[in-house]
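Me: I want to learn how to read the packing in this structure. Please show it to me first.

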Amino acid sequence: MQITEDYTDSELWISFKSGDKTALKTIYYRYYMMLYRFGLKKSSSSELVEDCLQDLFLKIWKNRDTLGDAVVIKSYLYRAYIRILFDAIKKSERTYKGVDLDFESSESSFEERIIKNDSLNESNILLDKALQHLTKRQKQVVNLYYFEGMPYKQIAEVLPMKYQAIRNCVHEALKVLRKNMESRPL
């Protein structure tokens with residue numbers, strides 16, 4: 001089945017449930033970035049957010065035969081993702097380096113949150129300064145790829161650039177960002 005943007009959620013879901021990997025990819029690309037951003041609002045750990053997203057898509061693929069009909073895929077994915085993410089957050093709060101902690105000191109967790117937020121703010125400031133060293137075109141491509149979640153092919157449809165030129169632009173932008181973030185002291 002050839003999947004296009006014109007497919008409704010219910011048609012896409014039916015195709016996905018029948019085992020169409022293209023439908024899975026379409027669902028993944030359509031909703032991944034939106035779910036990722038949502039996850040980052042609930043947890044500051046991007047690794048945890050990404051792991052939970054991978055778990056979500058693996059779980060729905062493995063259990064596609066037993067899943068109900070989803071009229072609105074976005075709502076279904078949100079509900080499933082929230083359960084997976086919140087369970088992982090609870091588990092990560094109870095576990096420290098493989099040791100299960102039954103107690104939490106409210107003072108230490110509050111202090112840890114402040115430190116984590118300060119560290120995150122410093123990282124964001126550093127990233128903002130590094131982004132200023134990109135060309136206008138690099139900023140456009142990086143924004144579409146990382147912040148809007150568009151795949152290279154879709155960016156090529158939006159911008160007057162070829163697919164490989166977009167990949168090269170992202171690669172070069174990452175080199176510039178790395179260079180500028182490593183050379184700046186916190």
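Reply: Contact means heavy atoms within 4.5 Å. This is a predicted model: local features need pLDDT of at least 70, side-chain atom pairs count only at pLDDT 80 or more, and totals for chains, interfaces and linings use all residues. Residues are numbered from 1 along each chain as its sequence is written, and side-chain values use heavy atoms, without hydrogens and water.

Me: Leaving aside neighbours within four places in sequence, which residues is Leu77 in contact with?
Reply: Neighbours within four places in sequence are set aside here. What remains for Leu77 is contact with Ile27, Tyr31, Leu35, Leu56, Phe57 and Ile60.

Me: At what angle do helix α1 and helix α2 pack?
Reply: Helices are DSSP runs (H or I, at least four residues), numbered from the N terminus. Angles run from 0 to 180 degrees between N-to-C directions, with axes fitted to C-alpha atoms over the stretch in contact. Helix α1 covers residues 9-17 and helix α2 residues 21-42; their axes are 8 Å apart, and the angle is about 130 degrees.

Me: Which word describes α1 relative to α2?
Reply: Angles under 35 degrees count as roughly parallel, over 145 as roughly antiparallel, 65 to 115 as roughly perpendicular and the rest as oblique. The angle here is about 130 degrees. Therefore α1 is, relative to α2, oblique.

Me: Which residues of α1 are buried?
Reply: Buried means under 20% relative accessible area, exposed over 50%, partly exposed in between (1.4 Å probe, protein chains only). In α1, the buried residues are Asp9, Leu12, Trp13, Ser15 and Phe16.

Technical notes. Helix = DSSP H or I, 4+ residues; strand = E, 2+ residues; numbered from the N terminus.
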